[in-house]
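Welcome! Let us take a friendly walk through this structure, from the whole chain down to a few single residues.

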Amino acid sequence: KDIAYSHQLTQTMYKTDCIREQDNVAVESDGFLRGIELQIYPQRAQNKLIARRALLKYQTYLQTQRTDITPEQKATAMRAASEKLSAWS
């Protein structure tokens with residue numbers, strides 16, 4: 001319940017320009033929870049590592065094997081691959 005409440009406070013902070021003391025606490029606690037997320041869910045940490053390695057392999061492939069496409073096309077391909085791997089992990 002406290003986590004949901006702190007998340008609501010964070011959203012409220014972005015909707016208004018005024019920042020209250022409790023909003024700052026909510027932002028700090030949200031950052032704290034994000035830091036321990038990978039320890040709570042080890043499978044997610046493993047998936048993120050796999051995704052990062054796959055993205056680096058794909059980047060190497062684009063640089064070495066796909067010399068027929070422009071740098072803009074390579075950037076677009078990297079962006080699409082990154083989005084797909086982020087959604088997966």
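The accessible surface of the chain comes to about 7400 Å², and carbon and sulfur atoms account for 55% of that area. Please keep in mind as you look around that this is a predicted model. The chain has 89 residues, and 16% of them count as buried.

What is the chain built from? It has four helices and zero strands, so there is no strand to look for, given that count of zero.

**Where two helices meet**

Now turn to helix α3, residues 42-64, and helix α4, residues 71-88. Two packed helices are described by the angle between their axes and the distance between the axes. Here the axes of α3 and α4 come within 10 Å and cross at roughly 165 degrees. That angle is over 145 degrees, the cut-off for this class, and α3 and α4 are therefore roughly antiparallel to each other. The crossing in which α3 passes α4 is right-handed.

Which residues make up this contact? By class, the contact of α3 with α4 has eleven nonpolar, four polar and one charged residues. On the α3 side, the residues are Asn47, Ile50, Ala51, Ala54, Leu55, Tyr58, Gln59, Leu62 and Gln63. They meet Lys74, Ala77, Met78, Ala81, Ser82, Leu85 and Trp88 in α4.

Is Asn47 buried or exposed? Its relative accessibility is 14%, and because buried means under 20%, Asn47 counts as buried. Leaving aside residues up to four places away in sequence, Asn47 touches Trp88 and Ser89.

Leu49 also has its place in helix α3, and so does Leu56, which lies in helix α3. Leu49 counts as partly exposed, and Leu56 is partly exposed as well. The table sets out the values for these residues.

| Residue | Relative accessible area | Class |
|---|---|---|
| Asn47 | 14% | buried |
| Leu49 | 35% | partly exposed |
| Leu56 | 49% | partly exposed |

The C-alpha atoms of Leu49 and Ser89 are separated by 8.7 Å, with the two residues 40 residues apart along the chain. For Leu56 and Ser82, 26 residues apart along the chain, the separation of the C-alpha atoms is 10.0 Å.

Terms used. Residues numbered from 1 in each chain as written. Predicted model: local features only at pLDDT ≥ 70, side-chain atom pairs only at ≥ 80, totals over all residues. Heavy atoms only, no water. Buried < 20%, exposed > 50% of the residue type's maximum accessible area, 1.4 Å probe, protein only. Contact = heavy atoms within 4.5 Å. Axes fitted to C-alpha atoms, helices over the stretch in contact; angles between N-to-C directions. Parallel < 35°, antiparallel > 145°, perpendicular 65-115°, else oblique. Left-handed = near helix turned anticlockwise from the far one by under 90°. Nonpolar A, V, L, I, M, F, W, Y, C, P; charged D, E, K, R; others polar. Areas by Shrake-Rupley, 256 points an atom, 1.4 Å probe, with all protein chains shown as cover.
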